[in-house]
Amino acid sequence: MSSTIVTKTNSQKIALNQSVVEKFAAFAALILMLIIFSLICPPFRTVNNWVTIALQTSIIAFIGIGVTFVIITAGIDLGIGSVLALASVVTGLAMNAGYPSPLAILFGLIVGLLCGLFNGFVITRLKLPPFIATLGTMMIARGAALYITNAAPISVSEPLFDLLGGRIPGTQIPVPVLLMIVVALIFGFILRQTRLGRYAYAIGSNEEAARLSGLNINRTKYMLYAISGLLSAVAGIVLASRLSTAQATAGVSYELDAIASAVIGGTSLNGGTGTITGTMIGAFIIGVLRNGLNMMGVSSFIQQITIGGVIILAVYIDQLRNKKA
């Protein structure tokens, strides 16, 4: 009897150790990459470069945080890159039409929100798979952005709007980085501490059980896809402010980086698992990898191959984790 108890205790300890290793594996990988690139490439370890990495990562982090909510329910949102472009050009067109920048930004945010709600409608009411539904949204949003701008870039510049993509006055702190931290804290709190977050985990773990428990599946999915669309719009507006230009071609393939950041950070494509902290770490892994390879003069083609390999590795680890579970 006592030997059985000891065996169980040892098994629990081993399981706990494996859980701890898996939880911090992505963070350890990020630290290792920072050390390696700092040793190989001295300019990489300058403060200015690290600020640049944070600035470049912020856009992917915004949409990565949004898509994490969706992936936790075992869904997917392929339209976030196109929604980013559509929200940015709507904001740019509104500003050029004479609307004050806060109102123009509000228009852009509403567009993102509506795109997310449309995804929720197609998935919950028309019963289409999330992959197909958001693939359609991706094409519709991109096509709409190209049509209303005639594929031409829109110059946007106004002091308040420019501040979104600039630095805090009197400091060297980029506003997008500060905004990224605020967004991560807010949506991390929503995911971990609110009923909406708990519902997302419940749907991803077992949707039928969640339904039988009385959870309103459709309403929850509407809200989660709306968050994804809203944060895509935030990313588009911040990107337009940084570049002083809104482009219908912006955000191409960003959805892949965002989904990759979530998966690398531990969010399971099978649903039920994921954190905003993990997604932030995943976004920084992609940002550091891309920046480090750039500084080493590695071609963009090799960078794509490398990041693709990292994504495959992350998904493979996720599959192994699910088999063990």
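The chain carries 19 positive and 9 negative side chains, and the centres of the two sets are 10 Å apart. Here Lys and Arg count as positive and Asp and Glu as negative, while His and the chain ends are not counted; each charge is placed at NZ of Lys, CZ of Arg, CG of Asp or CD of Glu. The model is predicted: local features need pLDDT of at least 70 and side-chain atom pairs count only at pLDDT 80 or more, whereas totals for chains, interfaces and linings use all residues. Residues are numbered from 1 along each chain as its sequence is written, and side-chain values use heavy atoms, with hydrogens and water left out.

**Overall architecture**

- The chain contains 13 helices and 2 strands, which are DSSP runs numbered from the N terminus (helices: H or I, at least four residues; strands: E, at least two).
- Along its principal axes, the C-alpha trace spans about 80 × 55 × 35 Å.
- Of contacts between residues at least 6 apart in sequence, 77% join residues at least 24 apart, where contact means heavy atoms within 4.5 Å.

**Surface and burial**

- The chain exposes about 15900 Å², of which carbon and sulfur atoms supply 68%; accessible areas come from the Shrake-Rupley method with a 1.4 Å probe, and for residues only the protein chains shown count as cover.
- Of the 325 residues, 47% count as buried; buried means under 20% relative accessible area, exposed means over 50%, and partly exposed lies in between (1.4 Å probe, protein chains only).

**Nonpolar cores**

- The largest nonpolar core has 57 residues, and Ile 65 and Phe 69 have the most contacts inside it. Helix α2 gives the most to this core, with 13 residues.
- A nonpolar core is a set of buried Ala, Val, Leu, Ile, Met, Phe, Trp, Tyr and Cys residues joined through side-chain atoms within 4.5 Å.
- Leaving aside neighbours within four places in sequence, Phe 69 is in contact with Phe 187, Ile 190, Leu 191, Leu 224, Ile 227 and Ile 276.

- Helix α11 is largely enclosed by the rest of the structure, because 9 of its 11 residues are buried.
- The buried residues of α11 include the charged-type residues Glu 255 and Asp 257, as well as Ser 261 and Ile 264.
- Just after α11, Gly 266 takes a positive phi of about 105 degrees.
- Gly 282, in helix α12, is buried at 0% relative accessibility. Beyond its neighbours within four places in sequence, Gly 282 is in contact with Ser 261, Ile 264 and Gly 265.
- The C-alpha atoms of Gly 282 and Arg 125, which are 157 residues apart along the chain, are separated by 33 Å.
- Asn 291 also lies in α12, which covers residues 276-295, and counts as buried at 7% relative accessibility. With neighbours within four places in sequence set aside, Asn 291 is in contact with Phe 44, Asn 49, Ile 53 and Gln 56.

- Ser 101 belongs to helix α4 (residues 101-124) and is buried, with a relative accessible area of 4%. Excluding neighbours within four places in sequence, Ser 101 is in contact with Met 95, Glu 158, Leu 160 and Phe 161.
- Gln 304, in helix α13 (residues 300-324), is exposed, with a relative accessible area of 57%. Gln 304 and Lys 221 are 83 residues apart in sequence and 32 Å apart in space, C-alpha to C-alpha.

**Loop residues with positive phi**

- Ala 74 has a positive phi of about 70 degrees although it is not a glycine. Ala 74 sits in the loop between α2 (47-72) and α3 (80-96) and is partly exposed, with a relative accessible area of 41%.
- Ser 253, a residue other than glycine, has a positive phi near 70 degrees. Ser 253 lies in the loop between β2 (245-246) and α11 (254-264) and is partly exposed, at 35% relative accessible area.
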